[in-house]
Amino acid sequence: MLRAVGARSIDELFAPIPEQFRLKRELNIPPQMSEAEIVEWFRARAAETGHGYAMFLGAGAYNHYRPVVIDALISRGEFFTAYTPYQPEIAQGTLQSIFEFQTMICELTGMEVANASMYDGSTASAEALMMAIRLTGRGSALVARSVHPEYREVIRTYARYQGLPVKEVGFGDNGRVDLAALKKALTPETACLLIQSPNFFGTIEDVAELAEIVHKNGSLLVVSIAEALSLGVVKPPVEADIVAMEAQSFGIPLGFGGPYAGVIGTKERFVRQIPGRLVGETRDKNGKRGFVLTLSTREQHIRREKATSNICTNQALIALMANIFMSIYGRQGIKELAKQNLAKAAYARQQFAKHGKILFEGAPRFNEFVVQTKEDPYVISHRLADKRIIAGFPLIKFYPELSNAAVWCCTELNTRAQIDLASGEVR
Amino acid sequence: MRDDKITKATTHISQNEGLIFEKSSPGKKAYRLAPLDVPEVDEQQLLGKAARQDLGNLPEVSEVEVIRHFTRMSTWNYAVDHGMYPLGSCTMKYNPRVNEFVARLDGLANAHPYQPEKASQGALRILKALSEQLIEITGMDAITLQPAAGAHGELTGILLMRACLESRGDARKKILIPDSAHGTNPATAAMVGYQVENLSSNQQGQVELSALEAQMNQDVAGLMLTNPNTLGVFDQQIGRIAEIVHAKGGLLYMDGANMNALVGKTRPGDFGVDVMHLNLHKTFSTPHGGGGPGSGPVACKKFMEPFLPVPVVIERADGTLGFEYNRPQAIGRVRMFYGNFGMLVRALAYIMANGPDGLRQTTEDAVLNANYIRKQLEGTYDLPYKTPSMHEVVFSDKLQQQYGVKTGDIAKRLIDYGFHPYTVSFPLVVHGALMIEPTESESKEELDSFIDAMKAIAEECEKEPATVLNAPHNTRLSRLDEVTAARKPVLRWKPQQAKTAAE
């Protein structure tokens, strides 16, 4: 081949790299390993990472069962070794899957349109807030303090250089957004209020009431959903203008935090301001139904610096996992599964109440609850880890006023025995 | 229409399949839950007016229907596993299966991001090992693995530049971006509050030094450069470019989209780059997944390290690893948790399988393959820039346009020949571009087969242009009406569609 290209040596092809910048040694990284050695190395790392523990952590990443069908299907090379469906004639598998995903997200969230997915819930929330700014032409935003603290950090990072003041609104004794504080914080410049429901404490917000207050001010309501499964039993936030959701609960492995998939849903009239890819239905020359990427004039490859976002790809394979999950459980299963979560958490709350104090009573919740203990939650967490239990998330890190409190989560995978054991260890 | 030169592909029976919603009927199910071992609850009572009444039109199907539905759909996709996927700038290389295997190991796949550090040591060790190796590969000093994709890495990198310049007292107003750049570059600069100033390329497709000197001033935060650029051309003036940017107090950002041309042969850190992102889904073989998930780590020089997103992985006094959050100058977070960990696992497995010599040879093979295609197709297709190519080559459709055929048409005909098309009409600096990136994964036989196809299509353009203009002919669907799709968007299925969709 070198002869065919007219080069004497491979290095001749690298002549464009100036001599002084050429690497004249091998990279200082470990030597090649065989497949067996690689597997062995990662098995050792996996063994150093706790698994098979009873999991009571939620806080933005939820331990739900993943039907094996998901990996069987997404392991098909036709799905996972393809790229963005730029050539629809040979990408209908990916395109139809995204169209189905968009539809299911609409059905679940009560929104009229949804995009093809975003990186994750935190970035989807930040992008949703930016979208609200564009839609209203206003220059500041409110974010509830009960939104996942790491989501808020991402929002702050995104907003920082857009010249957007982002103010936070506190929570009341029931864990819900403090309405009096909200009313005080709203100004004619407020583009939106961003809330999470169920929020970081597991409390379900009164979306309708918040929407009414916010809309009266001419502002938009953005609802972030970190625990997608809650929508199996919780009324969807139909009063919201934009929904930013994390789909991890739908068959996506915890995976030490990623990859997950965010998604943005909204009203049809706002679709031109939605960021990310969209798939639409159309026909081919013979009138057959097919799907294509569409409304791309919003996007960076056309609009460059005037685009709605710099986002390019989405999380197609992760959205596919969610699509398969929703297909497996479907209309009845998602509800039954959600009901099991509700029941487990309700039982656990009773058990934990015997040993600690349950905070934020007085508002409905899904599968998370906050327990205040005499003992430092980190000490509890440490002790339980030795008993192969992963305890709830200590809140002091983000909420200094909630010292000695932790948010615990129970899913369908937590057995009664686990709950009894863990709650018995709390003091 | 003659198809006798089509050797790589043959049409075969392709299963039809409607939308999942159209297969649904009440009572079908593909799941069974474990019996509840705690008391049942009444959700209406527990949730009150927050309770949901029904789940609308979510499907109800059986397990075998789920399997068949997605299996049938999968067969409508073209993928790297089918053959060459020369989508320029996307580096569609082979995705090793061992990477998939290790990423799914219990422990790595099931670890909760907030589980205690002492129960996360293996995962932390992976983050640390990958960080160190990417730092060595790029010649930089520090890295964050948090960004979820290339564009997200760009955002992180430009945020780092801005924070760094701000700490020196002046964030400045503008970012210079060459006209050949990917659209994410200007979109990113805008998200960080910078104005975008276009920088023209010269006849060789490289940065015009005089233009850079004229435009680089105290208002300019820096230059966002893709090197090799989207023409596949390594900017030989890179040393001078870095000097000019640095002399005016600016910073040099490198878009690492084309790092597959450099690994093991040169290091951005050695040629003056201050901050850059990598695309693990391009250079480091993590699968593209039909459009994500990606992963876009950002590496930088020592002086920018304090601004990296939180948290960073540190080694504690007792030798265990942990996360450090207390970093007052950090830009904050760009994503929750620690990034697309599953992709990081795969990238590390790729680096381990290759080692230093393997990574170098990968780069050499990728560049050799691109130059082989260039040599074989030059003359058949117009080569607008004669500058040496690295890992990809950009032709134009100038020779075919005399027959009324454009790059998009040639791409569609290539589908009939059993290949995924190259990147169409990009970069914008080339009118009617055909951007071809073979990667190192392709054998000479596969390359020759592609070259034969491209030559056969060129001949068709001349002799029977209608065949090319109406392509593809052998796919399930012919060309789709994208104009109507955008004018009257149908972005979701609705029940009433079921009736009209029957065909």
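In strand 8 of chain A, which residue is the bridge partner of V243(A)? That partner is G265(A). The views below show a predicted model; local features need pLDDT of at least 70, side-chain atom pairs count only at pLDDT 80 or more, and totals for chains, interfaces and linings use all residues. Residues are numbered from 1 along each chain as its sequence is written, chains are lettered from A and ligands numbered from 1 in the order in which they are written, and side-chain values use heavy atoms, with hydrogens and water left out.

**View 1. Strand 8 of chain A and its two partners.**
Strand 8 of chain A covers residues 262-266. Strands (E, at least two residues) and helices (H or I, at least four) are DSSP runs, numbered from the N terminus. Five of the five residues of strand 8 are buried, so the strand is largely enclosed by the rest of the structure. Buried means under 20% relative accessible area, exposed over 50%, and partly exposed in between (1.4 Å probe, protein chains only). G262(A), I264(A) and T266(A) point one way from the strand. V263(A) and G265(A) point the other way. Strand 7 (residues 242-246) of chain A pairs with strand 8 in the antiparallel sense over five bridges. Strand 2 (residues 113-114) of chain A also pairs with strand 8 in the antiparallel sense, over two bridges. Two strands pair if DSSP finds at least two bridges between them. G265(A) stands opposite A114(A) and is the bridge partner of V243(A).

**View 2. A three-strand open sheet in chain B.**
The strand order is 10-12-11, with antiparallel pairing. Strand 10 (393-396) and strand 11 (423-424) stand at the edges, each with a single partner strand, so one side of each is left without a neighbour in the sheet. Strands of a sheet pair through backbone hydrogen bonds, either parallel or antiparallel. Two bridges join strand 11 to strand 12 of chain B. V424(B) has L434(B) as its bridge partner in strand 12.

**View 3. A433(B) and its surroundings.**
A433(B) is found in strand 12 (residues 433-436) of chain B. A433(B) is buried, with a relative accessible area of 0%. Residues touched by A433(B), not counting those up to four places away in sequence, include V394(B), F395(B), S396(B), T407(B), Y422(B) and V424(B). Contact means heavy atoms within 4.5 Å. D382(B) lies 51 residues from A433(B) along the chain, and their C-alpha atoms are separated by 9.6 Å.

**View 4. Helix 11 of chain B.**
Nine of the ten residues of helix 11 (residues 407-416) are buried, so the helix is largely enclosed by the rest of the structure. Among them are D409(B), K412(B), R413(B) and D416(B). What covers the buried residues includes helix 10 (398-401), strand 11, strand 12, helix 12 (444-463) and helix 13 (465-469) of chain B. G418(B) follows the helix, and its phi is positive, near 90°.

**View 5. Helix 8 of chain B.**
The buried residues of helix 8 (residues 238-247) are I238(B), G239(B), I241(B), A242(B), I244(B) and V245(B). They pack against helix 7 (209-215), strand 4 (220-226) and strand 5 (251-256) of chain B. G249(B) follows the helix, with a positive phi near 80°.

**View 6. The interface of chains A and B.**
In chain B, 200 residues are in contact with 179 residues of chain A. The two chains bury about 16,600 Å² between them, 64% of it on carbon and sulfur atoms. In chain B, R52(B), Y114(B) and L491(B) lose the most area to chain A, together 5% of what that side buries. Buried area is the accessible area (1.4 Å probe) that two parts lose on being put together, summed over both.

**View 7. The second largest pocket.**
This pocket has a volume of about 750 Å³. Of its 43 lining residues, the closest to its centre are R66(A), P253(A), L254(A), A109(B) and N110(B). The lining divides into 22 nonpolar, 15 polar and six charged residues. On a 1 Å grid over the protein atoms alone, a pocket is an open set of points with protein on both sides within 12 Å along at least five of seven lines; lining residues have an atom within 4 Å of a point. Ala, Val, Leu, Ile, Met, Phe, Trp, Tyr, Cys and Pro count as nonpolar, Asp, Glu, Lys and Arg as charged, and the others, Gly among them, as polar.

Notes: On a 1 Å grid over the protein atoms alone, a cavity is a set of points where a 1.4 Å probe fits but cannot get out, and a pocket is an open set with protein on both sides within 12 Å along at least five of seven lines; lining residues have an atom within 4 Å of a point. Grid points are joined across faces, edges and corners, and a volume is the space filled by probe spheres set on the points.
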